[in-house]
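Dear colleague,

I am handing over the structure that follows, together with an account of what was found in it. Please read the notes below alongside the coordinates.

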Amino acid sequence: MLFSNMVLIPKCKSRVILFLWLLGIIALLNGSAVEARIRRYKWEVKYEYKSPDCLQKLVITINGGTPGPTITAQQNDTIIVELTNGLLTENVAIHWHGIRQIGTPWFDGTEGVTQCPILPGTTFKYQFVVDRAGTYLYHAHYGMQREAGLYGSIIVGLPDGKSEPFTYDYDRNIILNDWYHKSTYEQAAGLSAIPFQWVKEPQSLLIHGRGKFNCSTLTTPSLDAGICNATNPDCEPFRLIAVPGKTYRLRISSLTALSALSFQIEGHNMTVVEADGHYVEPFVVQNLFLYSGETYSVLVKADQDPTRNYWITSNIVGRSAPNTPPGLGVFVYYPNHPRRSPPTTPPPPPLWNNTDPRLAQSHAIKARQGYIHTPPSRSDRVIVFLNTQNTINGNVRWSVNNVSFALPHTPYLIALKENLTHVFDQTPPPDGYDFQNYDIRIVQENTNATSSNGVYRLNFNSTVDIILQNANSMSPDTSETHPWHLHGHDFWVLGYGEGKFDVFNDPKKYNLVNPIMKNTVPVHPYGWTALRFRADNPGAWAFHCHIESHFYMGMGVVFAEGIDKVGKLPSSVMGCGETQGLYRP
Ligand SMILES: O=C1O[C@H]([C@@H](O)CO)C(O)=C1O
């Protein structure tokens, strides 16, 4: 009735306009006013000389930068990245970390699991939907390429008309990293060498791609003064300009190769509100602990003395790294000069070997009231993953239930879908270990460790519990923190504990009321972490320690589920190993 005058409009064009307007109103009323958009990116990946921590090094850039461009999108948008590999002699693959790839498991970007590597000189098109708002990441997933600098952020906003359960004035993004001066190749060759050459601690810590290595500590000083240059603009510290009185949402994430970090803004509290794309019941911290692969949002109010600037710091925790200088940035109170150094010394880091505050933060992260996804009350299968360090044929490796993971040259997803049964070990890896007789607190011989590329096959739509059990490494009195990352899913974090997991009693203490959902979670030294997820995403998915060298040394597994429900694989993911014959352009 409202638009019955439409018939009175004489001109056909006007009628069309009015009709479209009417459609718009109806769509608005239905709440579907905004169409999901397609966001296209063209990326060129190549090696360039940069000095992120003042020392010049060959790094991998995307369109000239490291970190690469931030992908900014809105929930339900389609992202298309046309990636041209300009590395000349090196393959590449990019993983979209935290994006579940529902319906597009072949674009998860995990070389050897979901796709063949992208060859030098070729262009590969990734296309996927970002179906949930939140803070996510992308990074190389080929060999140990991530630590050459190939990484960036994905920020997904809510659909129009929806709002966050918290308020802030400005949204800012910070990626933390650690930085090595040796190339990925030197590191990887050392890790697979006999005798083993460990990568050791990083030379510096980067705050959003910028760090400060002390050039005067170079053991073999370069004759060329330009090679390590403290005044190189590449290593100007990261500066965040804050307007006094305003609240900042800081999206802070870590893509370290090795280090667990403590992040701090001198004199300012941080309220944690988001973790891995899920709203957190808010809690306040002074140090935010981050493990590689995790993303957080914190709210920070610029409510301190505005006449000065403050330090932003990142420090290594969980490992002794006395020679790695802290990552330093500056929280600048506008209109102070951005280059004005804070008048104080940077705040001291927490004790590297005190696990208590880190465990306390893990326990504090709960789903926010009103945003709780209740987990299924029981699981169909429990898999216990004992994490150990071993030697296999003289090589130092990491193993899960005494099986060290070896990536095949034919990607699992293609092998499973096309029934290429000979390309990987068909014997399923073990669901547990010998609980009774394994002492997690001592150095073990682990003489029975083996290497395999077998996969865990999960019943489609089943609920799976994973218990990550930490243990002593091959060094006495040492148990490291391992951040485990699951592709293609989020899991509920049901609990953390110290010591050996008690199969009978610990499950009674699980948080089934308001557990947070995440995609990356730490297992603390000598402790355990319990996770639950639904195997409801057809595909083959990696689950691995996000420490670059540890995955390289075998610390991971692959889950396969609902393969018969996987759609037609694009031929662009094929071409390597046994898939060569399947290539159908
Ligand atoms: O994988 C690793 O190897 C070393 C050490 O265990 C042996 O040198 C270390 O600290 C790791 O994290």
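**Strand β8 and its partners**

Strand β8, residues 151-157, is mostly covered, with five of its seven residues buried. Please note from the outset that this is a predicted model. Two strands pair with β8. Strand β3 (residues 71-74) runs parallel to β8, and four bridges join the two. Within that pairing, Ala73 has Val156 of β8 as its bridge partner. Strand β7 (residues 134-140) pairs with β8 in the antiparallel sense, over six bridges. Here the bridge partner of Tyr136 is Ile154 in β8.

**The protein as a whole**

The protein contains five helices and 32 strands. Its radius of gyration is 25 Å, close to the 25 Å that the globule rule gives for 585 residues, so the protein is as compact as a globular protein of that length. Taken along the principal axes, the box filled by the C-alpha atoms is roughly 90 × 65 × 55 Å. Of the 585 residues, 47% are buried. Considering contacts between residues at least 6 apart in sequence, 79% join residues at least 24 apart.

Ile38 stands opposite Thr78 of β4.

**A sheet of five strands**

Another open sheet has five strands, ordered β11-β19-β18-β13-β16, with mixed pairing. Its edge strands are β11 (239-242) and β16 (287-290), and each pairs on one side only. Neighbouring strands in this sheet are turned by 20° against each other on average, direction ignored.

Strand β19 (residues 327-333) has pairings of both senses. With strand β18 (residues 310-317), β19 runs antiparallel, and five bridges join the two. In β19, Gly327 stands opposite Ser314. With β11, by contrast, β19 runs parallel, joined by four bridges. In this pairing Leu240 stands opposite Phe331 of β19. Leu240 also belongs, with Ala242, to the covered face of β11, while Arg239 and Ile241 make up the uncovered face.

**The surroundings of the ligand**

Which residues surround the ligand? They are Trp198, Gln389, Ser473, Met474, Ser475, Glu480, Ser549, His550 and Met553. By class, this shell has three nonpolar, five polar and one charged residues.

Is Gln203 buried or exposed? Gln203 has 21 other C-beta atoms within 10 Å, and a residue counts as buried at 20 or more, so Gln203 is buried. Leaving aside residues up to four places away in sequence, Gln203 touches Asp53, Trp179, Tyr180, His181, Phe213 and Thr324. Gly245, 42 residues from Gln203 in sequence, lies 36 Å from it in space, C-alpha to C-alpha.

The other is Asp434, which lies in the loop between α4 (412-417) and β23 (450-452). Asp434 has 11 other C-beta atoms within 10 Å, and a residue counts as exposed at 12 or fewer, so Asp434 is exposed. Along the chain, Asp434 and Gly556 are 122 residues apart, and their C-alpha atoms are separated by 19 Å.

Yours sincerely

Note on methods. Residues numbered from 1 in each chain as written. Predicted model: local features only at pLDDT ≥ 70, side-chain atom pairs only at ≥ 80, totals over all residues. Rg over C-alpha atoms; globule rule 2.2 N^0.38 Å. Contact = placed C-beta atoms within 7 Å. Near = placed C-beta within 6 Å. Nonpolar A, V, L, I, M, F, W, Y, C, P; charged D, E, K, R; others polar. Pairing = 2+ DSSP bridges. Axes fitted to C-alpha atoms, helices over the stretch in contact; angles between N-to-C directions.
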